Amino acid sequence: MAITRFAPSPTGYLHIGGLRTSLYSYLWARKTGGVFRLRVEDTDTARNNEDAMEAIINAFDWVGLNYDGEVFYQSRRTDIYKIYIDKLLESGKAYKCYMSKDELDALRTAQEAAKQSPRYDGTWRPEDGKVLPAIPEGVEPVIRIKAPTRGTIEFDDGVKGYMKFDANQVDDYVIARSNGMPTYNFVVAIDDALMEMTDVIRGDDHLSNTPKQIVIYNALGFKVPKFYHVAMINNPSGKKLSKRDGAMDVMDYKRLGYLPEALLNFLVRLGWSHGDQEIFSMEEMLELFDPNNLNKSASSFNGEKLLWLNSEYIKAVSNDRLIEELKFFDLDLTHHAKKTELLDLSKQRAQTLVELKKSVTDILDIPTSYEESGVKKFVKEDTKDFLEKYLELLEKNKDELYNVENVEAITKPFIEQNGLKFPQLFQPIRIALTGGTQAPSVYDIIAILGFSEVSARLKEALKRNFQNT
């Protein structure tokens with residue numbers, strides 16, 4: 001049974017890299033009958049943003065990654081962290097450091113000038129036989145962990161394999177600031193231990209934090225979880241993903257008309273695969289996913305694949321679901337008599353819900369203008385004559401125009417008898433009914449709109465001679 005978590009900082013929106021990490025954690029917990037928790041890492045009060053916290057939770061609700069229990073906020077757990085800071089101080093595994101900011105800056109400047117890696121020099125670290133400086137007046141100390149100076153820090157990473165760091169790469173870093181607020185690497189280790197995390201799945205930008213956190217685990221006698229450091233998502237050029245490439249707010253994908261299932265399907269494949277399969281239901285993800293099979297190399301964001309996946313999901317979900325989704329885009333088809341026909345027709349061409357809405361409204365909305373290039377290409381001198389004849393035919397059969405088959409049955413003979421080619425009739429009709437030339441089948445449009453509306457739009461186009469006014 002795996003216990004996993006997603007632990008974002010509320011300093012901005014939830015982006016797709018974070019959503020992918022949370023998806024992997026969610027799948028592993030659910031697959032093993034375990035627990036998936038959401039923890040907000042908000043100890044850095046200067047950077048926290050309440051709107052960002054709400055945005056993260058809203059994104060989780062939208063994609064349907066349900067977490068277990070309450071949301072944990074680190075800012076509400078400071079009393080717990082203080083208990084463990086005091087334990088480390090009492091056991092001599094942490095100590096108070098009175099080095100001022102100016103002294104620390106001077107130390108770093110000197111180290112950089114000597115081409116050394118900036119690190120704390122241990123001035124206030126207690127050692128046997130060492131005499132510490134006099135405690136300065138008016139300086140509130142920070143608390144530093146007493147990191148090992150010899151040996152190695154080792155762990156087996158589920159993605160990267162066996163990892164080994166020299167212990168001296170981890171200096172005596174600050175675990176509590178001078179105002180008493182604990183720091184990131186300390187509280188992460190405490191929370192993961194107390195929440196009994198068995199598996200920590202996170203981006204490989206956290207790899208360098210892992211030895212620091214293991215120092216805390218070892219100092220307090222906590223069990224170290226299994227780590228999985230997932231490779232980054234790059235843009236198609238292999239560079240860091242930018243907002244322009246797709247690294248935007250998860251909720252922006254909702255606003256752009258993506259279905260959450262399509263986004264999750266897309267993300268699960270950015271770093272994991274099962275043969276050549278591309279489309280995965282949540283049930284299949286739960287059955288097949290294993291973090292031990294995550295790719296070691298970075299993934300490449302492919303916007304075209306995401307659009308393709310989204311179009312497949314739009315075609316696959318029920319019309320009732322699409323009706324509900326379209327309400328977000330201010331289109332309510334609940335009571336439309338031809339809603340089924342409208343959606344069955346329109347969803348075949350739509351890559352996003354925004355495109356689906358446009359396809360539907362292109363049919364339903366009376367055109368206010370006509371595509372000039374289409375008029376120039378398809379509306380000729382004889383167009384008015386055969387459209388008027390076609391209108392007469394439709395009127396004679398107006399009670400039969402309720403389905404595509406009937407419309408087709410009366411139209412095909414008309415085309416043959418008048419020596420027309422299909423575009424000669426259909427494109428002027430499309431322009432008259434929808435304003436453009438890219439609408440779906442004319443048969444479908446006529447069957448959906450019905451005789452009265454088709455007649456009115458054709459007559460208006462003829463009256464205006466397809467001219468925009």
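Reader: What pLDDT does the chain average?
Author: This is a predicted model, in which local features need pLDDT of at least 70, side-chain atom pairs count only at pLDDT 80 or more, and totals for chains, interfaces and linings use all residues. pLDDT is the predictor's confidence in each residue, from 0 to 100. Of the residues, 98% score at least 70. The chain average is 93.

Reader: Which element has the lowest mean pLDDT?
Author: Residues are numbered from 1 along each chain as its sequence is written. Helices (H or I, at least four residues) and strands (E, at least two) are DSSP runs, numbered from the N terminus. Helix 11 (residues 319-327) has the highest mean, 98. The lowest, 87, belongs to helix 2 (residues 50-63).

Reader: In what order do the 3 strands of the open sheet run?
Author: Two strands pair if DSSP finds at least two bridges between them. The pairing here is antiparallel, and the order is 4-5-8. Strand 4 (94-97) and strand 8 (174-176) each pair on one side only, as edge strands.

Reader: Which residue stands opposite Y95?
Author: Strand 4 and strand 5 (residues 142-145) pair in the antiparallel sense over 4 bridges. In strand 5, the residue opposite Y95 is R144.

Reader: At what angle does helix 3 run to strand 4?
Author: Axes are lines fitted to C-alpha atoms, for helices over the stretch in contact (heavy atoms within 4.5 Å). Angles run from 0 to 180 degrees between N-to-C directions. Helix 3 (residues 78-90) lies across strand 4, strand 5 and strand 8. Its angle to strand 4 is about 95 degrees.

Terms used:
Side-chain values use heavy atoms; hydrogens and water are left out.
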